[in-house]
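Colleague: I'd like to learn how to read a model like this one, feature by feature. Could you take me through it?

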Amino acid sequence: MQKFIVRLTEENQNLIDGSEIECFVLDSETPAALNEKLAKQLQAKGKIVLSMGGSAVELCQSLSLDGVIVDMSQVQHPKAFIDDLRKQLGKDAIIGAITRNRRHEAMIISEAEPDFLIFQAWKDGQPQVAELVKWYNELFLIQSAVLLREDDVSFSDFECDIVIISDKEYKFLLLKNKD
């Protein structure tokens, strides 16, 4: 059964209080005051809180978050990059690494030993990404995740461990499942 990581874009106490979601992501592009408020609420509930975006590392450090999700598409030396992140954030920090959906890149990034590797999914390329995730899971032990980049991407098509979904899409999913 897939686990969800929910990207928070607004304050949503019902979602934060819900026990079914264990991990949340704050975007470094969200206003600092909102991120600080959300982090405090999530941490008080014992939730795992990660950061992503251009200033993910700084946000993680400033709010004492549990880890980061980083885009590895422009990183020349993934192992050195991940090692540096672990030095900056601590050896227990959770690191999710986003790949550009290429087999070779997925292999190289996995060798750097992030906690999970993230494939990106759009509606147009959904079958290709599903096949890539399946291939990856047959060869690698590092957990796989799919980051849904658009609404209405069917996460059930992916044989991954984790689905990263927006708070708005998660609310829609809950409503849909109630019908």
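Modeller: Let's begin with sheets: two strands pair if DSSP finds at least two bridges between them. Strands (E, at least two residues) and helices (H or I, at least four) are DSSP runs, numbered from the N terminus. Bear in mind that this is a predicted model, where local features need pLDDT of at least 70 and side-chain atom pairs count only at pLDDT 80 or more, while totals for chains, interfaces and linings use all residues. Residues are numbered from 1 along each chain as its sequence is written, and side-chain values use heavy atoms, with hydrogens and water left out.

Colleague: Fine. Which residue in β2 does I5 stand opposite?

Modeller: C23 is the one facing I5. That belongs to the pairing of β1 with strand β2 (residues 23-27), which is parallel and has 4 bridges. Strand β1 (residues 3-8) also runs parallel to β8 (residues 162-166), joined by 5 bridges. There, V6 has I165 as its bridge partner. A general point to keep in mind: in a regular strand the side chains alternate between the two faces of the sheet.

Colleague: Now helices. How far apart are the end C-alpha atoms of α6?

Modeller: The general idea is that the expected span is 1.5 Å times one less than the number of residues. Helix α6 (residues 126-139) has 14 residues and should span 20 Å; its end C-alpha atoms are 20 Å apart, so the two agree.

Colleague: And which residues of α6 are buried?

Modeller: Buried means under 20% relative accessible area, exposed over 50%, and partly exposed in between (1.4 Å probe, protein chains only). In α6 the buried ones are Q126, V129, A130, L132, V133, W135 and Y136. They pack against α5 (103-111), β6 (116-121) and β7 (143-148). For contrast, take Q128, also in α6: its relative accessible area is 51%, so Q128 is exposed.

Colleague: Where do the aromatic rings come in?

Modeller: A pair of aromatic rings is described by the distance of the centres and the angle of the planes. Rings of Phe, Tyr and Trp (its six-membered ring) pair if their centres lie within 6.5 Å; planes under 30 degrees apart count as stacked, over 60 as edge-to-face and the rest as tilted. The whole structure has 5 aromatic pairs. One of them is W135 with F140, edge-to-face at 6.2 Å between centres and 65° between planes. Y136 and F140 have ring centres 4.8 Å apart and planes at 15°, so that pair is stacked. Ring pairs join F119, W135, Y136 and F140 in a cluster.

Colleague: What about the nonpolar core: which residues have the most contacts inside the largest one?

Modeller: A nonpolar core is a set of buried Ala, Val, Leu, Ile, Met, Phe, Trp, Tyr and Cys residues joined through side-chain atoms within 4.5 Å. The largest has 50 residues, and L8, L26, L148 and F158 have the most contacts inside it. Helix α6 gives the most to this core, 6 residues. Another core lies apart from it, with 13 residues, among them I69, I98, A145 and I162. Back to F158: leaving out residues up to four places away in sequence, its contacts (heavy atoms within 4.5 Å) include Q126, V129, A130 and V133, as well as V146 and L148.

Colleague: Last topic, then. How many salt bridges are there?

Modeller: The rule asks for a side-chain nitrogen of Lys or Arg within 4 Å of a carboxyl oxygen of Asp or Glu, and the count comes to 9. One of them joins K45 to D17, with the closest N and O atoms 3.2 Å apart. This pair links distant parts of the chain, 28 residues apart: K45 in the loop between α2 (32-44) and β3 (48-52), D17 in helix α1 (residues 13-17). K45 counts as partly exposed because its relative accessibility is 44%, and D17 does too, at 38%.
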